[in-house]
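Please walk me through this protein model, starting with its sheets and ending with a few single residues.

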Amino acid sequence: MGATLPVIDVAALVDPTAHADARRSAASALVDAAERYGFFYAAGHGVDPALVGRMEALSRAFFALDEAQKLRIPMAAGGRAWRGYFPLGGELTSNRPDWKEGLYLGTELPPDHPRVRAGVILHGPNLWPPIDGLRETVLAYMAALERLGHALMGGIALGLGLPERWFGEHGTADPLILLRLFNYPSRPVPPGTGALWGVGEHTDYGMLTMLWQDDVGGLEVRTQEGWLAAPPIPGTFVCNIGDMLDRMTGGRLRSLPHRVGINTSGRDRLSIPLFFDPDFDTRIEPVPVAAAGADDSARRWDGANLQAFEGTYGEYVTAKVGKVFPDLKSAVLSIPPG
(Lines give C-alpha, C1' and ligand atoms only; values in the text may rest on other atoms or scores of the structure.)
Protein backbone atom coordinates (compact mmCIF):
# COMPACT_ATOMS: atom_id res chain seq x y z
CA MET A 1 0.00 0.00 0.00
CA GLY A 2 1.37 3.44 -0.94
CA ALA A 3 1.67 6.55 1.16
CA THR A 4 -1.47 8.35 2.25
CA LEU A 5 -2.05 11.83 3.58
CA PRO A 6 -2.45 11.91 7.38
CA VAL A 7 -5.87 12.17 9.01
CA ILE A 8 -5.69 14.36 12.12
CA ASP A 9 -8.36 14.66 14.79
CA VAL A 10 -8.46 18.39 15.49
CA ALA A 11 -11.29 18.29 18.05
CA ALA A 12 -8.96 19.35 20.87
CA LEU A 13 -7.99 22.48 18.91
CA VAL A 14 -11.60 23.36 18.15
CA ASP A 15 -12.62 22.95 21.82
CA PRO A 16 -10.95 25.64 23.98
CA THR A 17 -11.71 23.58 27.11
CA ALA A 18 -9.74 20.55 25.88
CA HIS A 19 -6.79 19.37 27.96
CA ALA A 20 -3.49 21.05 27.15
CA ASP A 21 -1.81 17.73 26.38
CA ALA A 22 -4.48 16.88 23.79
CA ARG A 23 -4.10 20.30 22.20
CA ARG A 24 -0.31 19.97 22.03
CA SER A 25 -0.61 16.50 20.51
CA ALA A 26 -2.96 17.69 17.77
CA ALA A 27 -0.79 20.76 17.14
CA SER A 28 2.32 18.61 16.78
CA ALA A 29 0.52 16.35 14.30
CA LEU A 30 -0.53 19.36 12.19
CA VAL A 31 3.01 20.68 11.92
CA ASP A 32 4.44 17.23 11.17
CA ALA A 33 1.95 16.83 8.32
CA ALA A 34 2.57 20.35 7.03
CA GLU A 35 6.34 19.77 7.02
CA ARG A 36 6.18 16.47 5.15
CA TYR A 37 3.16 16.82 2.88
CA GLY A 38 1.76 20.33 3.10
CA PHE A 39 -1.62 18.57 3.29
CA PHE A 40 -3.74 16.76 5.88
CA TYR A 41 -7.33 15.69 6.48
CA ALA A 42 -9.01 17.48 9.39
CA ALA A 43 -11.40 15.20 11.29
CA GLY A 44 -13.31 16.15 14.43
CA HIS A 45 -13.59 19.71 13.07
CA GLY A 46 -16.97 20.48 14.62
CA VAL A 47 -18.60 21.94 11.49
CA ASP A 48 -22.29 20.99 11.44
CA PRO A 49 -22.80 18.18 8.88
CA ALA A 50 -26.29 19.52 8.18
CA LEU A 51 -24.75 22.85 7.12
CA VAL A 52 -22.31 21.03 4.85
CA GLY A 53 -25.20 19.05 3.39
CA ARG A 54 -27.12 22.24 2.61
CA MET A 55 -24.04 23.72 0.93
CA GLU A 56 -23.72 20.66 -1.25
CA ALA A 57 -27.39 20.57 -2.22
CA LEU A 58 -27.63 24.28 -3.03
CA SER A 59 -24.34 24.27 -4.94
CA ARG A 60 -25.60 21.43 -7.10
CA ALA A 61 -28.83 23.36 -7.65
CA PHE A 62 -26.81 26.31 -8.93
CA PHE A 63 -24.73 24.25 -11.36
CA ALA A 64 -27.89 22.50 -12.58
CA LEU A 65 -29.14 25.82 -13.98
CA ASP A 66 -28.70 26.31 -17.70
CA GLU A 67 -25.67 28.34 -18.69
CA ALA A 68 -27.69 31.39 -19.72
CA GLN A 69 -29.09 31.64 -16.18
CA LYS A 70 -25.65 31.23 -14.60
CA LEU A 71 -24.20 33.87 -16.89
CA ARG A 72 -26.62 36.43 -15.46
CA ILE A 73 -24.02 36.86 -12.69
CA PRO A 74 -20.71 36.77 -14.65
CA MET A 75 -17.45 37.67 -12.97
CA ALA A 76 -17.26 40.72 -15.21
CA ALA A 77 -20.27 42.09 -13.31
CA GLY A 78 -18.46 41.59 -10.00
CA GLY A 79 -15.87 44.20 -10.92
CA ARG A 80 -12.98 44.65 -8.54
CA ALA A 81 -14.54 42.25 -6.03
CA TRP A 82 -13.77 39.35 -8.42
CA ARG A 83 -17.10 37.68 -7.63
CA GLY A 84 -19.48 35.79 -9.88
CA TYR A 85 -19.71 32.87 -12.30
CA PHE A 86 -17.24 31.68 -14.91
CA PRO A 87 -18.09 29.00 -17.50
CA LEU A 88 -16.16 25.90 -18.49
CA GLY A 89 -12.66 26.83 -19.61
CA GLY A 90 -13.02 30.34 -18.19
CA GLU A 91 -10.23 30.01 -15.63
CA LEU A 92 -6.56 29.46 -16.52
CA THR A 93 -3.77 27.58 -14.77
CA SER A 94 -0.31 28.15 -16.28
CA ASN A 95 -2.00 29.85 -19.25
CA ARG A 96 -4.07 26.77 -20.07
CA PRO A 97 -7.85 26.55 -19.49
CA ASP A 98 -9.13 24.30 -16.72
CA TRP A 99 -12.07 21.99 -17.43
CA LYS A 100 -14.37 23.23 -14.69
CA GLU A 101 -16.94 25.94 -14.05
CA GLY A 102 -17.22 27.93 -10.86
CA LEU A 103 -18.80 30.57 -8.68
CA TYR A 104 -16.49 32.98 -6.83
CA LEU A 105 -17.68 34.25 -3.45
CA GLY A 106 -16.16 35.87 -0.39
CA THR A 107 -16.79 37.95 2.70
CA GLU A 108 -19.92 40.01 2.09
CA LEU A 109 -19.05 43.70 2.34
CA PRO A 110 -21.49 46.63 1.88
CA PRO A 111 -20.91 49.35 -0.74
CA ASP A 112 -19.95 51.88 1.96
CA HIS A 113 -17.15 49.73 3.40
CA PRO A 114 -13.91 51.75 3.17
CA ARG A 115 -12.12 49.16 1.04
CA VAL A 116 -15.07 48.81 -1.30
CA ARG A 117 -15.26 52.58 -1.72
CA ALA A 118 -11.52 52.64 -2.37
CA GLY A 119 -11.82 49.94 -5.06
CA VAL A 120 -9.55 47.43 -3.31
CA ILE A 121 -9.76 44.21 -5.31
CA LEU A 122 -11.25 41.06 -3.73
CA HIS A 123 -13.46 43.20 -1.48
CA GLY A 124 -17.14 43.84 -2.07
CA PRO A 125 -20.59 42.30 -2.31
CA ASN A 126 -21.27 38.87 -3.74
CA LEU A 127 -23.40 38.18 -6.81
CA TRP A 128 -26.19 35.84 -5.74
CA PRO A 129 -28.12 33.54 -8.08
CA PRO A 130 -31.90 33.22 -7.53
CA ILE A 131 -31.70 30.06 -5.40
CA ASP A 132 -33.64 30.16 -2.14
CA GLY A 133 -31.41 29.78 0.89
CA LEU A 134 -28.07 29.94 -0.94
CA ARG A 135 -27.00 33.32 0.44
CA GLU A 136 -27.84 32.43 4.05
CA THR A 137 -26.18 29.04 3.76
CA VAL A 138 -22.99 30.39 2.16
CA LEU A 139 -22.61 33.08 4.83
CA ALA A 140 -23.15 30.55 7.63
CA TYR A 141 -20.68 28.15 6.00
CA MET A 142 -18.01 30.83 5.63
CA ALA A 143 -18.45 31.81 9.28
CA ALA A 144 -18.12 28.18 10.42
CA LEU A 145 -14.97 27.57 8.40
CA GLU A 146 -13.47 30.88 9.47
CA ARG A 147 -13.79 29.67 13.07
CA LEU A 148 -12.15 26.38 12.07
CA GLY A 149 -9.39 28.29 10.29
CA HIS A 150 -8.58 30.27 13.43
CA ALA A 151 -8.47 27.03 15.43
CA LEU A 152 -6.16 25.29 12.93
CA MET A 153 -3.84 28.28 12.68
CA GLY A 154 -3.71 28.38 16.48
CA GLY A 155 -2.72 24.73 16.41
CA ILE A 156 -0.03 25.35 13.81
CA ALA A 157 1.34 28.18 15.95
CA LEU A 158 1.49 25.89 18.98
CA GLY A 159 3.15 23.15 16.94
CA LEU A 160 5.82 25.63 15.82
CA GLY A 161 6.49 26.66 19.41
CA LEU A 162 4.77 30.04 19.06
CA PRO A 163 1.99 31.55 21.18
CA GLU A 164 -1.37 30.25 20.00
CA ARG A 165 -2.53 33.73 18.95
CA TRP A 166 0.63 34.49 16.96
CA PHE A 167 -0.93 34.35 13.50
CA GLY A 168 -3.99 36.22 14.71
CA GLU A 169 -1.69 38.99 15.85
CA HIS A 170 0.26 38.95 12.58
CA GLY A 171 -2.30 39.06 9.80
CA THR A 172 -5.27 36.75 10.39
CA ALA A 173 -7.28 38.52 13.09
CA ASP A 174 -9.54 39.66 10.23
CA PRO A 175 -8.59 37.21 7.48
CA LEU A 176 -9.34 37.56 3.80
CA ILE A 177 -11.95 34.83 3.25
CA LEU A 178 -12.59 33.61 -0.29
CA LEU A 179 -14.96 30.75 -1.15
CA ARG A 180 -15.21 28.86 -4.43
CA LEU A 181 -17.87 26.50 -5.72
CA PHE A 182 -16.44 24.33 -8.51
CA ASN A 183 -18.17 21.84 -10.76
CA TYR A 184 -16.15 19.37 -12.83
CA PRO A 185 -18.45 18.01 -15.50
CA SER A 186 -18.25 14.37 -16.51
CA ARG A 187 -18.30 14.90 -20.24
CA PRO A 188 -15.58 14.93 -22.88
CA VAL A 189 -13.48 18.02 -23.41
CA PRO A 190 -14.34 19.48 -26.83
CA PRO A 191 -11.47 19.48 -29.35
CA GLY A 192 -9.54 22.71 -29.51
CA THR A 193 -10.18 23.90 -25.95
CA GLY A 194 -6.65 23.10 -24.79
CA ALA A 195 -7.84 21.78 -21.44
CA LEU A 196 -5.77 18.87 -20.14
CA TRP A 197 -6.83 18.91 -16.48
CA GLY A 198 -9.81 19.74 -14.34
CA VAL A 199 -7.32 22.04 -12.61
CA GLY A 200 -3.70 22.12 -13.65
CA GLU A 201 -0.77 21.86 -11.26
CA HIS A 202 -0.61 24.83 -8.90
CA THR A 203 -0.15 25.96 -5.32
CA ASP A 204 -2.58 28.05 -3.29
CA TYR A 205 -1.66 31.66 -2.63
CA GLY A 206 -2.48 32.38 0.98
CA MET A 207 -2.31 30.80 4.41
CA LEU A 208 -4.61 27.78 4.72
CA THR A 209 -7.13 26.09 2.41
CA MET A 210 -10.00 23.97 3.73
CA LEU A 211 -11.63 21.85 1.03
CA TRP A 212 -14.86 19.88 1.04
CA GLN A 213 -15.07 17.45 -1.87
CA ASP A 214 -17.80 15.02 -2.85
CA ASP A 215 -17.30 11.27 -3.30
CA VAL A 216 -16.14 11.41 -6.93
CA GLY A 217 -12.53 12.27 -6.11
CA GLY A 218 -9.73 13.35 -8.43
CA LEU A 219 -7.47 15.52 -6.26
CA GLU A 220 -3.74 14.67 -6.38
CA VAL A 221 -0.81 16.14 -4.42
CA ARG A 222 2.82 16.20 -5.59
CA THR A 223 4.85 15.04 -2.59
CA GLN A 224 8.48 13.97 -2.23
CA GLU A 225 7.24 10.43 -2.94
CA GLY A 226 5.56 11.51 -6.19
CA TRP A 227 1.94 12.25 -7.04
CA LEU A 228 -0.36 11.08 -4.25
CA ALA A 229 -4.15 10.74 -4.49
CA ALA A 230 -6.21 12.62 -1.90
CA PRO A 231 -9.53 10.74 -2.12
CA PRO A 232 -12.60 11.94 -0.23
CA ILE A 233 -12.94 10.80 3.38
CA PRO A 234 -16.44 11.38 4.79
CA GLY A 235 -16.63 13.89 7.62
CA THR A 236 -13.29 15.55 6.89
CA PHE A 237 -11.88 18.59 5.16
CA VAL A 238 -8.71 18.32 3.09
CA CYS A 239 -6.48 21.14 4.34
CA ASN A 240 -3.31 22.48 2.77
CA ILE A 241 -0.65 25.09 3.35
CA GLY A 242 -0.55 28.13 1.06
CA ASP A 243 2.37 30.11 -0.32
CA MET A 244 2.30 32.79 2.39
CA LEU A 245 2.61 30.30 5.26
CA ASP A 246 5.43 28.61 3.35
CA ARG A 247 7.11 32.00 3.02
CA MET A 248 6.51 32.95 6.65
CA THR A 249 8.14 29.71 7.86
CA GLY A 250 11.06 29.88 5.44
CA GLY A 251 9.87 26.73 3.68
CA ARG A 252 9.57 24.66 6.85
CA LEU A 253 5.84 24.24 6.17
CA ARG A 254 5.32 23.36 2.54
CA SER A 255 2.98 24.80 -0.05
CA LEU A 256 2.93 21.81 -2.38
CA PRO A 257 1.52 21.56 -5.91
CA HIS A 258 -1.78 19.80 -6.48
CA ARG A 259 -4.06 19.15 -9.44
CA VAL A 260 -7.39 17.59 -10.40
CA GLY A 261 -7.76 15.26 -13.37
CA ILE A 262 -10.40 15.48 -16.08
CA ASN A 263 -13.56 13.96 -14.61
CA THR A 264 -14.48 10.73 -16.42
CA SER A 265 -16.53 9.19 -13.59
CA GLY A 266 -19.93 9.52 -15.24
CA ARG A 267 -21.03 11.95 -12.49
CA ASP A 268 -20.25 15.63 -12.07
CA ARG A 269 -17.73 16.36 -9.31
CA LEU A 270 -18.41 19.11 -6.75
CA SER A 271 -15.56 20.81 -4.88
CA ILE A 272 -15.87 23.65 -2.35
CA PRO A 273 -12.56 25.18 -1.19
CA LEU A 274 -12.43 28.01 1.33
CA PHE A 275 -9.25 30.07 1.46
CA PHE A 276 -8.29 31.46 4.89
CA ASP A 277 -5.71 34.09 4.04
CA PRO A 278 -3.92 37.04 5.63
CA ASP A 279 -5.55 40.44 5.63
CA PHE A 280 -4.93 42.20 2.32
CA ASP A 281 -2.55 44.81 3.81
CA THR A 282 -0.49 42.33 5.86
CA ARG A 283 3.20 42.58 5.14
CA ILE A 284 4.52 39.03 4.94
CA GLU A 285 7.37 38.55 7.41
CA PRO A 286 9.11 35.40 8.70
CA VAL A 287 7.89 33.92 11.98
CA PRO A 288 10.42 33.94 14.85
CA VAL A 289 11.12 30.21 14.37
CA ALA A 290 11.37 30.32 10.56
CA ALA A 291 13.88 28.25 8.66
CA ALA A 292 16.65 29.97 6.73
CA GLY A 293 14.47 30.56 3.67
CA ALA A 294 16.83 29.28 0.99
CA ASP A 295 16.04 29.67 -2.71
CA ASP A 296 13.24 27.17 -3.43
CA SER A 297 12.75 27.79 -7.14
CA ALA A 298 14.03 24.32 -8.03
CA ARG A 299 11.18 22.63 -6.16
CA ARG A 300 8.46 25.09 -7.17
CA TRP A 301 6.04 24.15 -9.93
CA ASP A 302 6.36 27.65 -11.44
CA GLY A 303 10.12 28.02 -11.00
CA ALA A 304 9.65 31.07 -8.76
CA ASN A 305 11.70 31.68 -5.63
CA LEU A 306 8.90 32.08 -3.13
CA GLN A 307 11.35 32.79 -0.29
CA ALA A 308 12.45 35.97 -2.06
CA PHE A 309 8.98 37.51 -1.95
CA GLU A 310 8.74 40.79 -0.07
CA GLY A 311 5.57 42.79 0.18
CA THR A 312 1.97 42.55 1.27
CA TYR A 313 -0.40 39.69 0.72
CA GLY A 314 -2.50 42.02 -1.41
CA GLU A 315 0.40 42.56 -3.78
CA TYR A 316 1.04 38.84 -4.06
CA VAL A 317 -2.56 37.75 -4.59
CA THR A 318 -3.29 40.56 -7.06
CA ALA A 319 -0.52 39.34 -9.35
CA LYS A 320 -1.67 35.74 -9.05
CA VAL A 321 -5.37 36.34 -9.68
CA GLY A 322 -4.54 38.45 -12.71
CA LYS A 323 -2.88 35.43 -14.32
CA VAL A 324 -5.91 33.23 -13.68
CA PHE A 325 -8.33 35.69 -15.32
CA PRO A 326 -6.18 37.87 -17.61
CA ASP A 327 -9.09 39.31 -19.60
CA LEU A 328 -10.99 40.17 -16.44
CA LYS A 329 -7.87 41.77 -14.97
CA SER A 330 -7.59 44.10 -17.96
CA ALA A 331 -11.28 45.02 -17.73
CA VAL A 332 -11.36 45.48 -13.96
CA LEU A 333 -8.22 47.55 -13.69
CA SER A 334 -9.62 49.89 -16.31
CA ILE A 335 -12.59 50.67 -14.03
CA PRO A 336 -12.00 53.79 -11.90
CA PRO A 337 -12.24 53.09 -8.13
CA GLY A 338 -15.41 54.16 -6.37
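This is a predicted model: local features need pLDDT of at least 70, side-chain atom pairs count only at pLDDT 80 or more; totals for chains, interfaces and linings use all residues.

Residues are numbered from 1 along each chain as its sequence is written, and side-chain values use heavy atoms, with hydrogens and water left out.

An open sheet of 8 strands runs in the order E1-E2-E12-E9-E14-E7-E6-E3, and its pairing is mixed. Helices (H or I, at least four residues) and strands (E, at least two) are DSSP runs, numbered from the N terminus. Two strands count as paired if DSSP finds at least two bridges between them. Strands of a sheet pair through backbone hydrogen bonds, either parallel or antiparallel. E1 and E3 are at the edges with a single partner strand each, so one side of each has no neighbour in the sheet. On average, neighbouring strands of this sheet are turned by 25 degrees against each other, direction ignored. Such angles run from 0 to 180 degrees between N-to-C directions, and the axes are lines fitted to C-alpha atoms, for helices over the stretch in contact.

Strand E7 (residues 176-184) belongs to this sheet, and 9 of its 9 residues are buried. Buried means under 20% relative accessible area, exposed means over 50%, and partly exposed is in between (1.4 Å probe, protein chains only). Both faces of E7 are covered, with Leu176, Leu178, Arg180, Phe182 and Tyr184 on one side and Ile177, Leu179, Leu181 and Asn183 on the other. Strand E6 (residues 101-106) pairs with E7 in the antiparallel sense over 6 bridges, and here Tyr104 stands opposite Arg180. E7 also pairs with strand E14 (residues 269-277), again antiparallel, over 7 bridges. In that pairing Phe275 of E14 is the bridge partner of Leu178, and Leu274 of E14 stands opposite Leu179.

Helix H2 (residues 20-36) lies across E1, E2 and E12 and runs at about 160 degrees to E1. At 1.5 Å a residue, the 17 residues of H2 should span 24 Å, and the end C-alpha atoms are 24 Å apart, which agrees. The expected span is 1.5 Å times one less than the number of residues. The buried residues of H2 are Arg23, Ala26, Ala27, Leu30, Val31, Ala33 and Ala34. Seen down the axis of H2, these buried residues fall within an arc of 160 degrees, so they line one face of the helix. The arc is that of the directions from the helix axis to the C-beta atoms. An α-helix has 3.6 residues a turn, so residues three or four places apart point the same way. The buried residues of H2 pack against strand E1 (7-9), helix H1 (11-14), strand E2 (39-43), helix H7 (134-159) and strand E12 (237-241), where contact means heavy atoms within 4.5 Å. After H2 comes Gly38, with a positive phi near 75 degrees.

The other sheet is open too, with 4 strands in the order E8-E13-E10-E11 and antiparallel pairing. Its edge strands are E8 (199-202) and E11 (226-229), each of which pairs on one side only. Neighbouring strands in this sheet are turned by 20 degrees against each other on average, direction ignored. Strand E10 (residues 219-223) pairs with E11 in the antiparallel sense over 4 bridges, and Val221 stands opposite Leu228 of E11.

His202 is in strand E8. His202 is buried, with a relative accessible area of 17%. Its side chain reaches the backbone oxygen of Gly200 at 2.8 Å; a polar contact is a pair of N or O atoms within 3.5 Å, where within protein one must be able to donate a hydrogen and the other to accept it, and residues adjacent in sequence count only if both atoms are side-chain atoms. Not counting residues up to four places away in sequence, His202 touches Thr93, Leu256, Pro257, His258 and Trp301.

Two residues remain, both picked for their backbone angles. Most residues other than glycine have a negative phi. Trp82 has a positive phi near 55 degrees and is placed in the loop between helix H5 (75-78) and strand E3 (84-86). Asn95 has a positive phi of about 65 degrees and lies in the loop between strand E4 (92-93) and strand E5 (96-97). Trp82 is buried, with a relative accessible area of 2%, whereas Asn95 counts as exposed at 69%.
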